[in-house]
Amino acid sequence: MGELILTAGQPDRAIAIMREVAAWGRERGFRVWLDEWLTRERLLTEEAQPENFYVGSVDGQDTCAFILQWSDREYWPDALKYEAAYLHKLCVLRGFAPQARLFPCPSEESGPFAARTPVGWHPP
């Protein structure tokens, strides 16, 4: 398996992956997101702008998606911005779900995710 490449600013691709994974779950009786919740109108917010939508790919194939927020007033109203990173709607396409190591561990030095994250891991 090749390297996981994460690309920010992909709301349409990310939402398509989220919808595919949610449909798979619903077909199997899991209580997961409804399609009407997985739209640009519902997911784009002040805290989740287009640049917060990530798609992961391996060897040119989309593998996963998530929304990375640096604040989440709905669930953590007292937390300061950049105090934590909040991953929402993290999902992996079924063809990649069995992979033992899809996500690399980020590092400050040269981790694959840290190297591609436009805002870095530390507050400005």
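Leaving aside neighbours within four places in sequence, Glu47 is in contact with Asn52, Gln69, Ser71, Asp72 and Arg73, where contact means heavy atoms within 4.5 Å. The model is a predicted one, in which local features need pLDDT of at least 70, side-chain atom pairs count only at pLDDT 80 or more, and totals for chains, interfaces and linings use all residues. Residues are numbered from 1 along each chain as its sequence is written, and side-chain values use heavy atoms, with hydrogens and water left out.

Let us stay with Glu47 for a moment. This residue sits in the loop between helix 2 (40–43) and strand 2; helices (H or I, at least four residues) and strands (E, at least two) are DSSP runs, numbered from the N terminus. The side chain of Glu47 makes a polar contact with the side chain of Ser71 at 2.9 Å. Such a contact is a pair of N or O atoms within 3.5 Å; within protein, one must be able to donate a hydrogen and the other to accept it, and residues adjacent in sequence count only if both atoms are side-chain atoms.

| Residue | Relative accessible area |
|---|---|
| Glu47 | 15% |
| Ser57 | 13% |
| Ala48 | 1% |

Ala48 belongs to the loop between helix 2 and strand 2. Beyond four places in sequence, Ala48 is in contact with Leu43, Phe53, Ile67 and Gln69. Ala48 and His88 are 40 residues apart in sequence, and their C-alpha atoms are 9.7 Å apart in space. Ser57, for its part, lies in strand 2, and its contacts outside four places in sequence are Glu3, Leu4, Ile5, Asp62 and Thr63.

Strand 3 and strand 4 pair in the antiparallel sense over 5 bridges, and Cys64 stands opposite Val92 in strand 4.

What holds the most contacts inside the largest nonpolar core? That core has 15 residues, and those with the most contacts inside it are Ile17, Met18, Leu43 and Phe53. A nonpolar core is a set of buried Ala, Val, Leu, Ile, Met, Phe, Trp, Tyr and Cys residues joined through side-chain atoms within 4.5 Å. Helix 1 (11–27), strand 2 (53–58) and strand 3 (61–69) each give two or more residues to this core, with helix 1 giving the most, 6 residues. A second, separate core of 9 residues includes Leu4, Leu6, Tyr54 and Val58.

A word on confidence: the mean pLDDT (the predictor's confidence in each residue, from 0 to 100) of the protein chain is 82, and 78% of its residues reach 70 or more.

Definitions and conventions
Buried < 20%, exposed > 50% of the residue type's maximum accessible area, 1.4 Å probe, protein only. Pairing = 2+ DSSP bridges.
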